[in-house]
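Subject: The structure, with notes

Hi,

Here is the structure I promised to pass on.

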Amino acid sequence: MNNRELEETWEYHNSTKHPGMPPHYLDWDNQPIPFKIYTTLDPIEIPKDISSMGTPALTGISECIAYTEAECIPDLKTIGRLLFFSAGITKRVKYPGGEIDFRAAACTGALYHIDLYLVTGDIDGLEAGVYHFGPHDFSLRRLRQGDFRGVLVNATTGETSVARAPVTIISTSTFWRNSWKYQSRAYRHTFWDNGTILANLLAVSSAHRIPARIVLGFKDSVVNHLLGLDTSREAAVSLVALGYTKTPVDSRPEEVEEIKYETMPLSRKEIDYPAIRAMHLASSLKDEDEVRGWRSATIESEIPEPQGRLFHLEITEDKDVNLISDSLERTILKRGSTRQFARVPITFRELSNVLYRATRGVPADFLSPYGSTLNDIYLIVNEVEGIPKGAYFYHRNTNAIELLKEGDFRKEAGHLGLGKRIPADAGVDVFFLADLNKVLEKFGNRGYRAVQLEAGIIGGKLYLDAYAQGLGASGLTFYDDDVTRFFSPHAEGKSCMFLVALGKSVKKRTR
Ligand SMILES: Cc1cc2nc3c(=O)[nH]c(=O)nc-3n(C[C@H](O)[C@H](O)[C@H](O)COP(=O)(O)O)c2cc1C
């Protein structure tokens, strides 16, 4: 299988569209646990500091910290904050028959199939090593002792941000923990749900003035081997290089000892979804040439000239953001997914701030220069004070939205979001659409991971932007081709990647 054999992506994408997924019932007796629990490794306590530093959420979300020559090495306490506010347990909700631990970032079905690992040099409070983060007891478990950052330098064929990073966070997905409910479509969720975590991680890193860069160009087998993963079930999906050291780490040969630790069974039995494994394999980078090919590919966003009426965003200036935005930490702590939207309008300024702050760029190796994107943003405005109801396209380059067609599309929005009330009741529905042909041609199958991840990251930023301003939000799934049809002819040839509904919640928290 080769990253350039694109039929595999099309086969996966087309066979996991709604409608079309095979009927499925939930086997509650076989529901997987939402944690990876190592049964033989001792926990290493992480200091827990969840106080607010005062950075407005809208600032943290929108700022990218530039790399300078200044050394930036986070200590364990700071790493603990990054982990907590990205993937920590923020709420425990009891219901008849059990309880659910909800986490800092939204996740399809609250199934929490993404795990975080650290590959670190010596930092204040933690010896060099490879660690797994366990949200269930807010602890690390050491998988390897010593400095293995050079293996990541090798895996990424010398990616500078990784060679300079005192700490790299690796996200993995254990597919069964999500496919239990969503079958093969869970592979898309891998990147959406990793994306929402990374949106938080980037925002908190930015509040701590830590430069961060997302890296998807790595030899999969090397990273998976370093973490000791059973790759038929769990795989690394993204790296985030954090901080900056004056002396770069040298590349180190990939031959590291095999590690294998016992973990708690997830459920009675696990069901294999071959389409997930096939798509993951097809989008894996096998050798240096493929990683270099990935790194040298770039994509320029082509934003079509507007043809319709334009509405320029009313953006709150940086100096006034603290007047309208809650702090980043409080925003993450209160974030949830709105279960019911009130049919009342939001203001155009609120919408403007949400769109503008979420699209200031994602520091990632597949986006160059910062500010380019793989996804385009389309909107259904159900009710926003000051602008007509209708379908819109967001021109990021000029900070304006273009009216594509005017009208009340609540019914259509409800249908597109799988016939649910949430998108029909919301003030605005934000759709991410991408020209998959173009993305795959540039990046190969790996581009599929990138385009889904980018949608998840910007979607995660939308969530935070909304809650920062006292609004609600919910990620949603959708009828793929009907979304394209609805926004066509403008969206002709594009594929829907993700959908987020925004508006006023009926209650602040409904669970
Ligand atoms: C990518 C994504 C897709 C989602 N899709 C739906 C959906 O189709 N319907 C829904 O009611 N909630 C959806 N959600 C919300 C999740 O159910 C919710 O995040 C999860 O239950 C955790 O709860 P919390 O977000 O309140 O912390 C989605 C969330 C994400 C991140």
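Below is what turned up, beginning with the ground rules.

This is a predicted model, in which local features need pLDDT of at least 70 and side-chain atom pairs count only at pLDDT 80 or more, while totals for chains, interfaces and linings use all residues. Residues are numbered from 1 along each chain as its sequence is written, and side-chain values use heavy atoms, with hydrogens and water left out.

**The sheet**

Seven strands make up an open, antiparallel sheet, in the order E10-E15-E14-E12-E16-E18-E17. (Strands, E, are DSSP runs of at least two residues, and helices, H or I, are runs of at least four, numbered from the N terminus; two strands pair if DSSP finds at least two bridges between them.) Strand E10 (310-312) and strand E17 (472-476) are at the edges with a single partner strand each, so one side of each has no neighbour in the sheet. From one strand to the next, the twist averages 25 degrees; axes here are lines fitted to C-alpha atoms, for helices over the stretch in contact, and angles run from 0 to 180 degrees between N-to-C directions.

E10 is joined to E15 by three bridges, and the two run antiparallel. Histidine 312 has alanine 400 in E15 as its bridge partner. Helix H18 lies across E12, E14, E15, E16 and E18, at about 100 degrees to E16.

**The cores**

A nonpolar core here is a set of buried Ala, Val, Leu, Ile, Met, Phe, Trp, Tyr and Cys residues joined through side-chain atoms within 4.5 Å. Buried means under 20% relative accessible area, exposed over 50%, and partly exposed in between, with a 1.4 Å probe and protein chains only. The largest core has 135 residues, and those with the most contacts inside it are Ile214, Phe366, Ile401, Phe431, Phe432 and Phe487. H17 provides the largest share of this core, 13 residues. Another core, of 28 residues, lies apart from it and has Val151 and Leu226 among its members.

Phenylalanine 431 has contacts (heavy atoms within 4.5 Å) that include Tyr378, Leu416, Phe487 and Phe498, leaving aside neighbours within four places in sequence.

**Arginine 446**

Is arginine 446 buried or exposed? Arginine 446 is buried, with a relative accessible area of 0%, and it lies in helix H17 (residues 446-468). A polar atom of its side chain is 3.0 Å from the backbone oxygen of phenylalanine 218. The backbone oxygen of serine 283 is 2.8 Å from a polar atom of the arginine 446 side chain. Beyond four places in sequence, arginine 446 also has Asn3, Asp220 and Trp294 among its contacts.

**Backbone details to look at**

- The peptide bond from histidine 18 to proline 19 is cis, with omega near -10 degrees; proline 19 sits in the loop between helix H1 (7-15) and strand E1 (44-45).
- Serine 488 and proline 489 are also joined by a cis peptide bond, with omega about 15 degrees; proline 489 is in the loop between helix H18 (480-487) and strand E18 (495-503).
- Glutamine 183, a residue other than glycine, has a positive phi near 50 degrees. It belongs to the loop between helix H6 (176-182) and helix H7 (186-207), and counts as buried at 10% relative accessibility.
- Asparagine 399 has a positive phi too, near 55 degrees, in the loop between strand E14 (390-395) and strand E15 (400-406).

Best wishes

Terms used. Polar contact = N/O pair within 3.5 Å; in protein donor to acceptor, adjacent residues only side chain to side chain.
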